[in-house]
Amino acid sequence: MTIPEQPAPSDEVVPLLKVAGLVKHFPITKGLLRRQVGAVQAVDGLTFDVRPGETLGVVGESGCGKSTMGRLITRLLEPTAGTIEFEGKDITHLGVAGMRPIRRDVQMIFQDPYSSLNPRHTVGTIVGAPFKLQGITPEGGVKKEVQRLLGLVGLNPEHYNRYPHEFSGGQRQRIGIARALALKPKLVVADEPVSALDVSIQAQVVNLLDDLQDELGLTYVIIAHDLSVIRHVSDRIAVMYLGKVVELTDRTSLYATPMHPYTKALLSAVPVPDPGRRKRGAASGGSGGRILLKGDVPSPIAPPSGCRFHTRCWKATEVCRQQEPPLQALRTGHQVACHHPENAPA
Amino acid sequence: MFAYIVRRLFAVIVMLLVVTLVTFGIFFAIPKFTGTDPATLYVGKQADPATIEGIRQKLGLGDPILVQFWDFVHGIFAGRDYTGGGTSDHCPAPCFGYSFRTEQAIWPELMDRLPVTLSLAGGACVLWVLGGVATGVVSALKRGSLLDRTAMTAALSGVSLPIYFTGLVSLAIFHYWLNWTDGEYVDFADDPGGWFGGLILPWVTLAFLYAAMYARLTRATMLEILGEDYIRTARAKGLREPVVIGKHAMRSTMTPILTILGMDLGALVGGAILTESTFNLPGLGAAAVKAIGDRDLPLILGVTLITSAAVIIANLVVDLLYAVIDPRVRLS
Amino acid sequence: MTTASVPEDTPGPPATKSGAVGEPVGGDATTPTAYLDVRDLRIHFPTDDGLVKSVDGLSFRLEKGRTLGIVGESGSGKSVTSLGIMGLHTVGQYGRRKARISGEIWFNGKELMSADPDEVRRMRGREMAMIFQDPLSAMHPYFTVGAQIIEAYRVHHAVDKKTARKRAVELLDRVGIPQPDRRVDDYPHQFSGGMRQRAMIAMALVNNPELLIADEPTTALDVTVQAQILDLIRDLQQEFGSAVIIITHDLGVVAELADDILVMYGGRCVERGPAEQVFHAPQHPYTWGLLGSMPRIDREQTERLIPVKGSPPSLINVPSGCAFNPRCPYADVPKGGVTRTHRPELAPVAGEEGGRHHSACHLSQEERTRIWTEEIAPKL
């Protein structure tokens, strides 16, 4: 494994994961005959690449489809349409048997360290389970390898025989990470890996993910609602709103010059741990202050026409109501789906 | 909401038809395989072949099963004429056929027995709901106290002791020894006092069993509800504790109790077999026992159908009540 | 157990710890009693595993029109404190083992711990109200939003339903619910998360309380909705002039709203003071840890986060000295004869004007200032 480089010019690199036109609709049925009366359009046309060695952050509010996206690219869910390619191989509709070799390379870390570990199994069994499932015996035996993994994620290898309830929340998340790393995956998809943890513990896990990436040359897709965490961990960031990517660019551009109004509002809504800023903002008449969006995210069952953000957008015009803006690069490496982008090049 | 009720009613009818078909199939088809001839059952083993053949024709027992089924269902709605062996009988709707034993029509027999069972189930239900829920609530509120532990021990024994034990003991004490109660069932219309006197022991006996279950359920549910956030909110508003319990906690506690109540009542209408046998009440349960002993297929079929109808309708009523209680059900 | 030998650690009845043991209560005795004045509050819960000391000697005061932010991680005792002020640890316990509560809570000139429980009940909801974290579970699913607000109003006001309903609609309108006269008849599940929290706020404000306690009011909400709710709380406070306690684990939320900040760790206050001071010149290693652990959205951060090692303490076996000692990177710095089993008391930070900044740490103030300015601040 090579040490991950900063993302090179995009056309040079062969993407590790290539997603095109990905759609997932959950049907809603009604009545005796289970007639389909509609669909939750959880994910509605995603196109993006994940480059080897990078961390792609996916951020959005609840109901934006980011978790569904995570489950689609790890093929825990069957996509309704679109294609997913891993290392150039189309894995969109592979069956259980076909996915088995891919499962080694793509692993997932879940949000809730309490419910994602079987309470009746020892840590040794949990972390060693992937070997059993894949029918692999690691060099030196399963036990030795599991202990190595526990050490790798900062747990005491002696605790091999303990049960999940004997560990704190942060330690349980480490167990989940050790399990995900057992088969030396290439891609790790982490769905809200730190949101259930206390602040001080959160930082430990974020640093651990960071170290592991450097050490093992991992590629991450990290899904989170916390923009501060996403900013800290990601190389590139995709902002999702109601099943669509509205903006996709590298970290620096996103936070310095967000182009989509939603991204801008989202960033401005994050409370900043600086009590002075609020007073300074108030004194200067609120410019550079907070953009307060109206209302809530609309239902993904009947998303708004045209641009899905137009119902809450202060820049919305007639064209936004009627035409859906395509996701296109308005600057090098800065894709945005908006009719009236902010910070647009003149 | 209206569409929901219509849909549910439609489902009830379909379900009843299916139950009828299955029961009918079991009771009329199986004798064919085991070699027992229903016609023989009807007239007795000693009858001559000609009589048996006549009965077979009259009852249509020789017809294909689906034809028989159609005749049976048709008879329920339109009445039925039995012709064969030189005689013809008209059985008015709803016709469930004739008993093999008494040669009486099934439906009037069932209708005679239904009030007994309804009286028994209804009266006992009132007692056990009041007693069980009250005990459960008090137990929950006094958790860990002597009162709680006594009540829960009593409830445990209530659940574990069979009806024929508690029933016989109470009969021995209150009826035979103290002579406090009457032994016979009397129609309410004939003599309300006698009706009450005859039923009070079965009521109490049956209610004791159910009250025990309801007390345990109520206690567990109440304790769970008391831990809910909205109970804390109610207190934070400054509500008095009796209001918090009586209004906020009780409303949620009643939901699961109502569910169980509907199913229990439905099942009881099918006959509290043990209670009716123990206290010699001429209800549906007693009829079922007798019919099974006599291998009286039409009567078994009739009781089964009434029971299924009761359970299904009770469930429908519970579901509708659910919608009344829980707005989340009503509005989705 | 070595902890048993430490005199400070015995949680005896109030008699054993006279007023002298408690920390100096925000200034001297001559200052007039504050609107809310909590003195040496202890809330201990007996369990099968031992005594859980959720709050263990907490003192603070709050004036009307000001906002206090109580910050801490799970298990620090911040929520237990808020329920304690509301007097909710003593009602409806039903056979649960009684919480052991001691200390004084002076509210509007009355001492609540010794007051008649029914008097405290009448104050709940009217003079002090509370907003909870998860508005879906905090509202009764079987009653309409309106009915729940009306009920809250009618407990304390002898008015007919119609008047109360008008009041409910007015409040829903004030907190920004569109079409309040129609939504008043909706059930909580028909509201979105943000709307529910607004309704919850309307319910809390229906009696114009003078003290509003918000326990993690935005934790369950999305960030754009959180911004709306924080804005609303700030507006309402200015409008009603009430005292607000906001309890949260999110330093950003506190920075948005609070005038003063109280940092809790292991059931005790480790640092408190004006928000600017606590954020810009923090005087406790735990506060440094919180600030260092937190990824910042407002700064390009290339450095690694500085986490606090280890996990929060068990509240059953709280370390006998400073509760933070086992996780403190500066535990080994010599502190002039002070031992590990010695518990640091809150002491004023010298040089801070107003004397409201306090910290409980054995490190000398020079040492703390040096560590903050030289070792911590540059890395943030």
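The structure is a predicted model, in which local features need pLDDT of at least 70 and side-chain atom pairs count only at pLDDT 80 or more, while totals for chains, interfaces and linings use all residues. Residues are numbered from 1 along each chain as its sequence is written, and chains are lettered from A and ligands numbered from 1 in the order in which they are written.

**Chain B: confidence**

The average for chain B is 83, and 92% of the residues score at least 70. Among the elements of chain B, the highest mean pLDDT, 95, belongs to helix α9 (residues 229-236), and the lowest, 70, to α2(B). Helices (H or I, at least four residues) and strands (E, at least two) are DSSP runs, numbered from the N terminus.

**Chain B: annotated segments**

Next, select residues 9-30, 118-141, 153-174, 194-215, 257-279 and 299-325 of chain B, which UniProt lists under "transmembrane region" in an unreviewed entry. These positions are given in the numbering used here, with feature names shortened, and annotations may be inferred rather than shown by experiment. Within this selection, residues 153-174 of chain B are 91% helix and 0% strand, with end C-alpha atoms 24 Å apart. Residues 194-215 of chain B are 100% helix and 0% strand, and their end C-alpha atoms are 30 Å apart.

**Chain B: two domains**

Now colour domain 1 (2-91) and domain 2 (107-325) of chain B separately; the bounds come from an automatic or database domain assignment. Taken over C-alpha atoms, their centres are separated by 34 Å. At the boundary, 13 residues of domain 1 of chain B are in contact with 13 residues of domain 2 of chain B, contact being defined as C-beta atoms, placed from the backbone, within 7 Å. On the domain 1 side, α1 (2-34) and α2 (38-43) of chain B each supply at least two residues. The largest share of that side, 11 residues, comes from α1(B). By class, the domain 1 side has 10 nonpolar, 2 polar and 1 charged residues. Here Ala, Val, Leu, Ile, Met, Phe, Trp, Tyr, Cys and Pro count as nonpolar, Asp, Glu, Lys and Arg as charged, and the others, Gly among them, as polar.

**Chain C: the sheet**

Move to chain C and display its open sheet of 4 strands, ordered β2-β1-β4-β5 with antiparallel pairing. The edge strands, each pairing on one side only, are β2 (50-62) and β5 (110-111) of chain C. Two strands pair if DSSP finds at least two bridges between them.

Select β1 (residues 36-47) of chain C: 10 bridges join this strand to β2(C), and the two form a hairpin with 2 residues between them. C:Thr47 stands opposite C:Gly50 in β2(C), and C:Arg42 stands opposite C:Asp56 in β2(C). Strand β1(C) is also joined by 7 bridges to β4 (residues 100-107) of chain C, running antiparallel; in that pairing, C:Ile43 faces C:Ile101.

**Chain C: domains**

Finally, colour domain 1 (33-127 + 211-258), domain 2 (141-208) and domain 3 (281-297 + 304-379) of chain C. The C-alpha centres of domain 1 and domain 3 of chain C lie 24 Å apart. Which element gives the most to the side of domain 1 of chain C that touches domain 3 of chain C? It is β2(C), with 6 residues. Across this boundary, 10 residues of domain 1 of chain C are in contact with 6 residues of domain 3 of chain C. The domain 1 side has 3 nonpolar, 3 polar and 4 charged residues.

Terms used. Two residues are in contact if their C-beta atoms, placed from the backbone, lie within 7 Å. pLDDT is the predictor's confidence in each residue, from 0 to 100.
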